[in-house]
Amino acid sequence: MAILFIDLDRFKPVNDELGHEVRDRILIESAKRMRGVLRRVDCLARYGGDEFVVLLEDVGSAVNALQIGEKLLEAIREPFIMDSEAIGIGASIGIVLYPHHGKEAAQILGMADRALYDAKRTRGCAVLFGENAG
């Protein structure tokens with residue numbers, strides 16, 4: 001199983017400049033796009049703010065998890081059309097594998113957060129825990 005931490009890039013300026021209504025619409029559309037990439041058995045949840053968590057069951061391998069991460073990134077990169085205006089954001093993704101990277105929830109989430117931090121240094125990429133983003 002794989003856990004993906006997803007953070008929307010360039011989201012704060014959208015929120016600050018365009019307001020809460022547009023922010024909420026983009027969050028909803030982002031979730032719909034990600035759900036469209038995932039299988040029915042996968043779980044998608046908003047973690048808070050502009051962060052999401054995905055649980056991929058029976059992912060098979062790290063390569064498969066990274067491929068799904070790339071598909072999620074592509075879905076978010078597509079501009080959002082809000083009131084005839086194209087709004088571009090992106091995402092960064094940190095990935096951990098269970099039980100390879102740990103067995104305790106807090107430990108796994110901490111590792112996913114560290115992988116996300118590595119991904120955010122480059123922006124717009126998916127990073128497996130223990131690999132370098134750059």
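How many bridges join β2 to β3? Select the two strands in this predicted model: five bridges join them, and the strands run antiparallel.

**The sheet**

Begin with the sheet as a whole. Five strands form an open sheet in the order β2-β3-β1-β6-β7, and their pairing is mixed. The edges are taken by β2 and β7 (126-128), each with a single partner strand, so one side of each lacks a neighbour in the sheet. From one strand to the next, the twist averages 20°.

Now display helix α2 (residues 62-77). Helix α2 lies across β1, β3, β6 (90-97) and β7, and runs at about 165° to β6.

Return to β2 (43-48) and β3 (51-56), and centre the view on the loop between them. The two strands form a hairpin with two residues between them, and Gly 49 in the turn has a positive phi of about 55°.

Select Asp 50 next, in the loop between β2 and β3. Asp 50 is buried yet has no salt bridge; Lys 120, the nearest side chain of opposite charge, is 6.2 Å away. Leaving aside residues up to four places away in sequence, Asp 50 touches Ile 6, Asp 7, Leu 8, Phe 11 and Leu 27.

**The salt bridges**

Is Asp 7 buried or exposed? Asp 7 counts as buried because its relative accessibility is 7%, under the 20% cut-off. Lys 120, with a relative accessible area of 25%, is partly exposed.

Stay in helix α3 and select Asp 118 and Arg 121. Their side chains meet in a salt bridge of 3.0 Å, N to O. Both residues lie in helix α3, three residues apart, about one turn of the helix. Arg 121 is exposed, with a relative accessible area of 54%. Salt bridges that share partners also join Asp 7, Asp 9, Lys 120 and Arg 123 into one network.

Move to Asp 24, which forms a salt bridge with Arg 23; the closest N and O atoms are 2.8 Å apart. Asp 24 is partly exposed, with a relative accessible area of 34%. The structure holds nine salt bridges.

**The cysteines**

A disulfide is a covalent bond between the sulfur atoms of two cysteines. How many disulfides does a search of the whole structure find? The search finds zero. Cys 43 stands opposite Leu 55 in β3 and counts as partly exposed at 41% relative accessibility. Cys 125, at 11% relative accessibility, counts as buried.

**Helix α1**

Select Lys 12, in helix α1 (residues 11-37). Lys 12 counts as exposed at 55% relative accessibility. A distance drawn from Lys 12 to Ile 68, C-alpha to C-alpha, spans 25 Å, and the two are 56 residues apart in sequence.

**Backbone geometry**

The last stops concern the backbone. Most residues other than glycine have a negative phi, and most peptide bonds are trans.

- Tyr 98 and Pro 99: a cis peptide bond joins them, with omega about 5°. Pro 99 is placed in the loop between β6 and α3.
- Asp 58: this residue lies in the loop between β3 and α2. Asp 58 has a positive phi of about 45° although it is not a glycine, and is exposed, with a relative accessible area of 69%.
- Ser 84: this residue is found in the loop between β4 (80-82) and β5 (85-87). Phi of Ser 84 is near 70°, a positive value in a residue other than glycine, and Ser 84 counts as exposed at 77% relative accessibility.

Key:
Residues numbered from 1 in each chain as written. Predicted model: local features only at pLDDT ≥ 70, side-chain atom pairs only at ≥ 80, totals over all residues. Heavy atoms only, no water. Helix = DSSP H or I, 4+ residues; strand = E, 2+ residues; numbered from the N terminus. Buried < 20%, exposed > 50% of the residue type's maximum accessible area, 1.4 Å probe, protein only. Lys, Arg positive; Asp, Glu negative; His and termini not counted. Salt bridge = Lys/Arg side-chain N within 4 Å of Asp/Glu carboxyl O. Contact = heavy atoms within 4.5 Å. Disulfide = S-S within 2.5 Å. Pairing = 2+ DSSP bridges. Axes fitted to C-alpha atoms, helices over the stretch in contact; angles between N-to-C directions.
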